[in-house]
Amino acid sequence: MESEDMQPVDIDLTGEFSVFSPSLQQTVMSSGAEQQMMQIYLRVRPFSKEELSGNEDQDCVVIDDGQTVTLNAPKGSATMKSSEKGVGLSIHKFSFSKVFGPQTTQGELFEDTVRSQVFDFLEGENALIFSYGVTNAGKTFTIQGTPKDPGILPRALDAVFSYIGGLQYKGMDLKPHLMNGAQFLDVEQVKQERTAKMTVLASVKEECDHQRLSSSSEPSISSDITLSSFSSSNNLTEASGDQFALWVAFFEIYNECVYDLLQPSQSRKRSSLRVCDDGAGNAYVKDLKWINIQNLSEANKLLQFGNKNRSAAATKMNQSSSRSHSIFTMKLLKIDGQTVERISEFSLCDLAGSERCNKAKTFGERLKEAGNINNSLLILGKCIGALRSGQADGTKVAYVPFRESKLTKLFQAFFCGKGRAAMIVNINQCASTYDETLHVLKFSAVAKQVVQVIPDKPAELSVPCLVGWDGKPLMRNDALEGHPSEDELFEEEDDLDMSLLPQHELLDIIENLRIKFLTERRKNLVQEMEIRKEMGDAMLQQLLESEELRIRQVEELKESYAEKLENTFEMYKDAIKEHAYQNAMSNLEDNYVPLDEFTAEQEKAEALRRKVSELEDLVRCVSPLLSVDQWCQTEPLTDPGETDDRIKHLRQENVVLEKMCEDNKQLILYLEKRLVDLNQTLHHVRDDFLEKSADAEALRKTVDEQSKSMGEVLCQNAEKDEEIASLKAEIEKLSQKSPVQTRTRRGLLANIKEAVSSPRRGASSYSLVKPPRTPKY
């Protein structure tokens, strides 16, 4: 919390927030500024022998004409899979400023892309060219090339030296300072500059003259057209008597740290440099080494020295993959005598390629490098997308996140009208990298729609700021002839005798100054209030959107949990039924008797019972005959032969009957035993069924308890929703009352915190009021 009696401080917030303002855009356009779409060029890399043998040529990239290219999704790519599901398309068309096929030479590419930028640089304009694409797409080859086939950077250097010719400023006492300034060096500083230059050049081994770009045995890198146009401008320069000094710097951005590539490494650990602001919204690299070069041979040695220090490593997709963004910057000073008339800047950036870790097989330190590379490229895409959206909607203030990355912070001046930017998109035709190539071309399609607005600078603003060897401003010989410096003005102001003026004139001067001071202060206050209101409204809108998102997520969770609970209950029911059935079937599997067989057995048993009863009746009837022997002894037989036959017959029938009775008894015992086993089995099945029914009842009770707890959770969510609705109503009431209330000026963070926390003060359950302090005696 800030104290209430703190005095307000006027702070310039325009440098902290990168915003594309509609009013600024209209002002620039109304002043007759030049507008131009960003130039986007496409270069397609030819196939290598390994790619052709690996079946990478599937006609994924088709060049329709000089400005249009068509991408056809190959089988197995994520784009083709999405299109088969009805999401997205499998064919995409993109247009560019110009498309260069695989047969394009380095010279043709330079003539059609960089030549105009180099000419603007020689005429005093600032220019930026950066290459963009996936890894192993030919970006470094496009920028630097090879000794036998140099890229656009060596050709640009050759064109610059062809332009300035013999009009080079031999002294090294004028050096670039900050963004658009020059510094006069004393004798000792000039010696230090020469020593540093010779140290770097001496560490590079000499090469044969025929391999040099400036060799007399080979034709010049630049074409005849380029040399003729530059030489004609050189003739005009000779008439005016101007001289030129070319200073270069070479650095890289590795893992979001800036390293000087022209600094001789004293140890393995390099010291990183800081990206600072010069006070006018221009970013520069502090303590970056600038070296004055006099010919192309020195420039090639510096390139060779810097490339040795550049971070590179081997991945699965590229044997020499750049792991950093390298930036080569040239500054051309136009000097007339001892006066620096203008300074122009030309930067060429070789961006590291975006890559997917699963394809590049990166891990450890390489994985960290890939993450930083992809993050900086993502922020670059956000900046270009924000610029495009801000220009498309003229009434909307678009926030551009330049300061989220060192790369975009250094490029901010070029995108905000202080120079021209152009992009060379490098792609390959491999089917395995189709999805990454499509993403790169979508990014370039957005960048192509960005409008670059170059305001017309007044003549007095284009003159560089001159400082001395100690960094203090110096008086210019021509532009400031007869005008004292700032320190002299303060000294003269102290020496003035104010008593010579009448008292009423002094009062009038004081009154006028007071009125101007109040007017300026009021204007700053209004601007600060507008910025605070915009930030407060944006934060409040963000809070409301996050609250709505949370409510939607809670509703979705409710539905998903209810559905899961119902599915779980049905699953338990089915599992219990299936388990009971399986147990019953496993128990009855051995002793199971079909119903028909059981009925037939019962009928057989009943028939046997009837037959046994009949036999028993027959036995009762013939039982008196069993005492035949006794009857024969007491009573004489009338006919002995007939009696013997009858006795034998009766004995045979008795034996048969006894045998039948025995068989029937055994059958009855067997059936009774079978019935006992069946009854036991049925008792076991009944007990298992009762046990499973009890388990099912317990599970049902558990489900009922969970349903009851879910109902309580839903009730609590409903109460929270009512509290949120009441808080929103209080927020709307307070937002209607707050604009007309005046309050004591406080800090920016304190007012934002108060604006965010004030809607909740009305709710008793969420009171955040700070308790009063006890007075100290």
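Helices (H or I, at least four residues) and strands (E, at least two) are DSSP runs, numbered from the N terminus. The legends below describe a predicted model, in which local features need pLDDT of at least 70, side-chain atom pairs count only at pLDDT 80 or more, and totals for chains, interfaces and linings use all residues. Residues are numbered from 1 along each chain as its sequence is written, and side-chain values use heavy atoms, with hydrogens and water left out.

**View A. Aspartate 287 in the loop between β14 and β15.** The loop that holds aspartate 287 runs between β14 (283-285) and β15 (291-293). Aspartate 287 is not a glycine, yet its phi is positive, about 65°. Its relative accessibility is 64%, and aspartate 287 therefore counts as exposed (buried means under 20% relative accessible area, exposed over 50%, partly exposed in between; 1.4 Å probe, protein chains only).

**View B. Asparagine 136 in the loop between β8 and α5.** Asparagine 136 sits between β8 (127-133) and α5 (139-143). Its phi is near 65°, a positive value in a residue other than glycine. With a relative accessible area of 27%, asparagine 136 is partly exposed.

**View C. The salt bridge between glutamate 298 and lysine 197.** The closest N and O atoms of glutamate 298 and lysine 197 are 3.0 Å apart. A salt bridge is a side-chain nitrogen of Lys or Arg within 4 Å of a carboxyl oxygen of Asp or Glu. Glutamate 298 belongs to helix α9 (residues 296-309) and lysine 197 to helix α7 (residues 187-202), so the pair ties together parts that are 101 residues apart in sequence. Glutamate 298 is buried at a relative accessible area of 15%, and lysine 197 is buried at 8% relative accessibility. The structure holds 19 salt bridges.

**View D. The salt bridge between aspartate 350 and arginine 310.** In this pair the closest N and O atoms are 3.0 Å apart. The pair links distant parts of the chain, with aspartate 350 in strand β19 and arginine 310 in the loop between α9 and β16 (312-313), 40 residues apart. Both aspartate 350 and arginine 310 are buried.

**View E. Serine 347 in strand β19.** Strand β19 covers residues 339-350 and includes serine 347. Serine 347 is buried, its relative accessible area being 3%. Its side chain makes a polar contact with the side chain of threonine 329 at 3.2 Å, and another with the side chain of glutamate 345 at 3.3 Å. A polar contact is a pair of N or O atoms within 3.5 Å; within protein, one must be able to donate a hydrogen and the other to accept it, and residues adjacent in sequence count only if both atoms are side-chain atoms.

**View F. Helix α12 and its two ends.** Of the 10 residues of helix α12 (residues 406-415), 9 are buried, so the helix is largely enclosed by the rest of the structure. Among the buried residues are Lys409, Phe411, Gln412 and Phe415. At the start of α12, a side-chain oxygen of serine 405 comes within 3.3 Å of the backbone nitrogen of leucine 407. Just after α12, glycine 417 has a positive phi of about 100°.

**View G. Lysine 523 and glutamate 520 in helix α16.** Lysine 523 and glutamate 520 form a salt bridge whose closest N and O atoms are 3.5 Å apart. The two are 3 residues apart in helix α16, which means that about one helical turn separates them. An α-helix has 3.6 residues a turn, so residues three or four places apart point the same way. Glutamate 520 is partly exposed, at 40% relative accessibility.

View H. Helix α16 (residues 503-588) contains aspartate 574, which is partly exposed at 48% relative accessibility. Aspartate 574 is one of the residues of a negative surface patch that also includes Glu556, Glu570 and Glu578. Patches are made of residues with over 30% relative accessible area and no salt bridge, like charges being joined within 9 Å and nonpolar side chains (Val, Leu, Ile, Met, Phe, Trp, Tyr) within 5 Å. Tyrosine 572 is also in helix α16 and is partly exposed, at 39%. Met571, Tyr572 and Leu699 form a nonpolar surface patch with about 280 Å² of accessible area together (Shrake-Rupley method, 1.4 Å probe; for residues, only the protein chains shown count as cover). Lysine 577, another residue of helix α16, is exposed at 57%. Its C-alpha lies 9.5 Å from that of serine 693, 116 residues apart in sequence.

Terms used: Lys and Arg count as positive and Asp and Glu as negative; His and the chain ends are not counted. The place of a charge is taken as NZ of Lys, CZ of Arg, CG of Asp or CD of Glu.
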